[in-house]
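Hi,

Here is the model I said I'd pass along.

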Amino acid sequence: MIYHLSLRTAGIIAGAFLVLIGLPGLSRPERVQDLAQRLPRSRVAGIVLLTIDAAWSLWLLATMEMGEFSSFRRPLLIALPIGYFLVLRFVDEFLTVRALGILCLLAAEPLLDAAFFRYESSRLALTVFAYLLIMAGIMWVTMPYLLRDEIKWSARNNLRWRAVHGIVVLYGVALLALAVTLY
């Protein structure tokens, strides 16, 4: 185990995150729609997210048990910062979306780790969220224009926007309730 998160802690973090992401879309849809539509091409947000990704990846490389691949630790610790600066220099298109996809992939692992070897069937609510993060991360890293299209689709009218954010908030509240009562 790398993260040592309990299922309760992981559920609370994931649920709170979903509620915090969904509530602004319900309460101020016009402002959040405008912000969301500008997000995929935001260079500043891309740099911030990619820096978080790089720091998290460096921490993982420095602390995780690599077994027979431990001889690769030093070259990877050297290559990761070089790759970070090369991506900042040469990847201009949808940097934010790609970095967000990487962050989704990194964030899914602690959730799955917390649910590993737990026998409660309610753990599947957290596991499903982790796998949704994985699917979104893979799609956004490989096809970043999809996030732009997803935002455009959901922002087409206020009813659709509120429905999407309402589902996100409900899922977050359900995860919080499961974390507090069952985990």
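Leu86 counts as partly exposed, because its relative accessibility is 44%, which falls between the 20% limit for buried and the 50% limit for exposed. Keep in mind that this is a predicted model. Leu86 is found in helix H4, residues 73-90. On the surface, Leu86 is part of a nonpolar patch with Ile78, Ile82 and Phe90, and together the four have about 420 Å² of accessible area. As a reminder, an α-helix has 3.6 residues a turn, so residues three or four places apart point the same way.

Now for the inside. In soluble globular proteins, nonpolar side chains tend to be buried together. Here the largest nonpolar core has 26 residues, and Leu111, Leu126 and Phe129 touch the most other members. At least two residues of this core come from each of H1, H2 (29-38), H5, H6, H7 and H8. There is also a second, separate core of eight residues, with Leu49, Leu88, Leu95 and Leu103 among them.

Leaving aside neighbours within four places in sequence, Leu111 is in contact with Ala10, Ala14, Leu126, Phe129, Ala130 and Leu133.

Helix H6 is worth a look too. H6 covers residues 123-142, and at 1.5 Å a residue its 20 residues should span 28 Å; the end C-alpha atoms are 29 Å apart, so the two agree. The buried residues in H6 are Leu126, Thr127, Phe129, Ala130, Leu133, Ala136, Gly137 and Trp140. What covers them includes helices H1 (7-27), H5 (95-115), H7 (145-154) and H8 (158-181).

Last, some backbone angles to check. Most residues other than glycine have a negative phi. Phe94, however, has a positive phi, near 55 degrees, and Phe117 has one of about 60 degrees. Both sit in loops: Phe94 between H4 and H5, Phe117 between H5 and H6. Phe117 is exposed, because its relative accessible area is 60%, over the 50% limit.

Cheers

Methods:
Residues are numbered from 1 along each chain as its sequence is written. This is a predicted model: local features need pLDDT of at least 70, side-chain atom pairs count only at pLDDT 80 or more; totals for chains, interfaces and linings use all residues. Side-chain values use heavy atoms; hydrogens and water are left out. Patches are made of residues with over 30% relative accessible area and no salt bridge: like charges are joined within 9 Å, nonpolar side chains (Val, Leu, Ile, Met, Phe, Trp, Tyr) within 5 Å. Accessible areas come from the Shrake-Rupley method with a 1.4 Å probe; for residues, only the protein chains shown count as cover. A salt bridge is a side-chain nitrogen of Lys or Arg within 4 Å of a carboxyl oxygen of Asp or Glu. Helices (H or I, at least four residues) and strands (E, at least two) are DSSP runs, numbered from the N terminus. Buried means under 20% relative accessible area, exposed over 50%, partly exposed in between (1.4 Å probe, protein chains only). The expected span of a helix is 1.5 Å times one less than its number of residues. Contact means heavy atoms within 4.5 Å. A nonpolar core is a set of buried Ala, Val, Leu, Ile, Met, Phe, Trp, Tyr and Cys residues joined through side-chain atoms within 4.5 Å.
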